[in-house]
Amino acid sequence: MDSILTSIKKLLGITEEYEYFDVDVIMNINAAFSVLRQLGVGPDEGFSITDSSAVWTDFLSDDTRLELVKTYVYLKVKLTFDSTSLTSGVIDSINRQISELEWRINVIAEEE
């Protein structure tokens with residue numbers, strides 16, 4: 001499962017075949033990629049997806065230090081796409097995880 005869209009949909013509990021929310025999920029994935037670019041990760045010209053054809057290596061190349069980017073994108077999408085089903089405690093926990101991941105991603109980006 002290398003597709004960015006498919007993997008995020010799976011983590012959100014959406015089957016690959018169910019496409020009703022694809023536009024919403026894609027928009028939130030692309031927003032997360034914009035934040036990652038500001039943190040110094042990803043292609044210099046930016047990165048976005050339009051469908052399930054984009055794969056993680058398109059964004060990450062082969063840098064295994066950045067595997068945590070996948071979790072970051074999922075959490076950012078979950079928080080914006082699915083926040084109505086989350087309790088305030090869960091939202092706080094996700095926000096803390098996002099903050100820690102942003103710090104770690106920034107450390108990795110500065111090492112380059």
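Me: Which residues are buried in helix 1?
Reply: In this predicted model, a residue is called buried when its relative accessible area is under 20%. Seven of the nine residues of helix 1 are buried, so this helix is largely enclosed by the rest of the structure. The residues buried in helix 1 are Ile-4, Leu-5, Thr-6, Ser-7, Ile-8, Lys-9 and Leu-12.

Me: Which helices do the buried residues of helix 1 pack against?
Reply: The buried residues of helix 1, among them Ile-8 and Leu-12, have other helices packed against them. Those partners are helix 2, helix 3 (56-60) and helix 4.

Me: Are helix 1 and helix 4 parallel or oblique to each other?
Reply: Two packed helices are described by the angle between their axes and the distance between the axes. For helix 1 (residues 4-12) and helix 4 (residues 68-81), the axes lie 10 Å apart and the angle is about 55°. Angles under 35 degrees count as roughly parallel and 65 to 115 as roughly perpendicular, and helix 1 and helix 4 are therefore oblique.

Me: Which residues of helix 4 make the contact with helix 1?
Reply: The crossing of the helix 1 and helix 4 pair is right-handed. On the side of helix 1, the contact is made by Ile-8, Leu-11 and Leu-12, and on the side of helix 4 by Lys-70, Val-73, Tyr-74, Val-77, Lys-78 and Phe-81.

Me: How far apart are the end C-alpha atoms of helix 5?
Reply: Helix 5 (residues 88-111) has 24 residues, and at 1.5 Å a residue these should span 34 Å. The distance between its end C-alpha atoms agrees with that span, being 35 Å.

Methods:
Residues are numbered from 1 along each chain as its sequence is written. This is a predicted model: local features need pLDDT of at least 70, side-chain atom pairs count only at pLDDT 80 or more; totals for chains, interfaces and linings use all residues. Side-chain values use heavy atoms; hydrogens and water are left out. Axes are lines fitted to C-alpha atoms, for helices over the stretch in contact, and angles run from 0 to 180 degrees between N-to-C directions. Helices (H or I, at least four residues) and strands (E, at least two) are DSSP runs, numbered from the N terminus. Angles under 35 degrees count as roughly parallel, over 145 as roughly antiparallel, 65 to 115 as roughly perpendicular and the rest as oblique. A crossing is left-handed if the near helix is turned anticlockwise from the far one by less than a right angle, and right-handed if clockwise. Contact means heavy atoms within 4.5 Å. The expected span of a helix is 1.5 Å times one less than its number of residues. Buried means under 20% relative accessible area, exposed over 50%, partly exposed in between (1.4 Å probe, protein chains only).
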